[in-house]
Amino acid sequence: SESTSPFPPSPTSIALALKEKNLEEKVRELEKEVGRLEGELKAAVAHRSKMTAEMEGLLKDAEGMSELRRTIGRKEEDIREIEVKNYQIMQENLQIKKQMAKMQIDFETLLKEKIKEMKMKD
């Protein structure tokens with residue numbers, strides 16, 4: 001602060017003026033630091049929000065994978081049931097083929113006997 005006094009400034013007033021200038025400079029530096037820290041805080045909050053969103057996305061993916069695994073498990077169970085039914089049908093088909101072969105043999109035997117009877121009658 002300038003004075004219009006005709007006397008030269010006292011060493012005390014010079015010291016006070018320098019102290020005031022130093023404090024003003026320190027306040028400006030601290031204000032800059034606060035601004036910088038506020039910027040870092042905003043960036044950190046934004047980063048946390050992004051990471052939280054990514055984590056939520058990963059959790060949803062994991063839930064989707066679990067559901068997919070359950071579906072695959074159910075499908076594999078269905079396939080095993082179908083394989084068992086196929087095996088049963090193949091066994092039944094085999095039995096029917098055996099019965100048909102036996103019927104064929106029985107028919108041929110019966111036919112041979114009939115032919116013998118016919119020949120004997122002649």
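Analyst: Buried means under 20% relative accessible area, exposed over 50%, and partly exposed in between, with a 1.4 Å probe and protein chains only. This is a predicted model, in which local features need pLDDT of at least 70 and side-chain atom pairs count only at pLDDT 80 or more, while totals for chains, interfaces and linings use all residues. Residues are numbered from 1 along each chain as its sequence is written, and side-chain values use heavy atoms, with hydrogens and water left out.

User: Which residue meets E25 in a salt bridge?

Analyst: The partner of E25 is R28, with an N to O distance of 2.9 Å. A salt bridge here is a side-chain nitrogen of Lys or Arg within 4 Å of a carboxyl oxygen of Asp or Glu. R28 is itself partly exposed, at 42% relative accessibility.

User: Where do R28 and E25 sit relative to each other in helix 1?

Analyst: They are separated by about one helical turn, because R28 and E25 are three residues apart in helix 1. Helices are DSSP runs of H or I with at least four residues, strands are runs of E with at least two, and both are numbered from the N terminus.

User: Why would such side chains pair?

Analyst: Side chains of opposite charge can pair when their charged atoms come close.

User: How many salt bridges are there in the whole structure?

Analyst: The search finds eight. One of them joins R36 and E33, whose closest N and O atoms are 2.6 Å apart. R36 and E33 are three residues apart in helix 1, so about one helical turn separates them. R36 is partly exposed at 42% relative accessible area, and E33 is partly exposed at 34%.

User: Which residues are linked with R36 in a network?

Analyst: E33 and E40 are linked with R36 in a network of salt bridges. Elsewhere, E67 and R74 also meet in a salt bridge, at 3.5 Å from N to O. E67 has a relative accessible area of 36% and is partly exposed, as is R74 with 44%.

User: Let us change topic. How many helices and strands does the chain have?

Analyst: The protein chain has one helix and zero strands. Its radius of gyration is 51 Å, well over the 14 Å that the globule rule gives for 122 residues, so the chain is more spread out than a compact globule. That radius is taken over C-alpha atoms, and the globule rule is 2.2 Å times the number of residues to the power 0.38. The C-alpha trace spans about 170 × 15 × 15 Å along its principal axes.

User: What share of the residues counts as buried?

Analyst: Of the 122 residues, 0% count as buried.

User: Which residues make the nonpolar surface patch?

Analyst: M65, L68 and I72 make a nonpolar patch of about 280 Å². Patches are made of residues with over 30% relative accessible area and no salt bridge, like charges being joined within 9 Å and nonpolar side chains (Val, Leu, Ile, Met, Phe, Trp, Tyr) within 5 Å. Areas come from the Shrake-Rupley method with a 1.4 Å probe, and for residues only the protein chains shown count as cover. M65 lies in helix 1, which covers residues 11-121, and L68 is in helix 1 too. M65 is partly exposed at 43% relative accessibility, and L68 is partly exposed at 47%.
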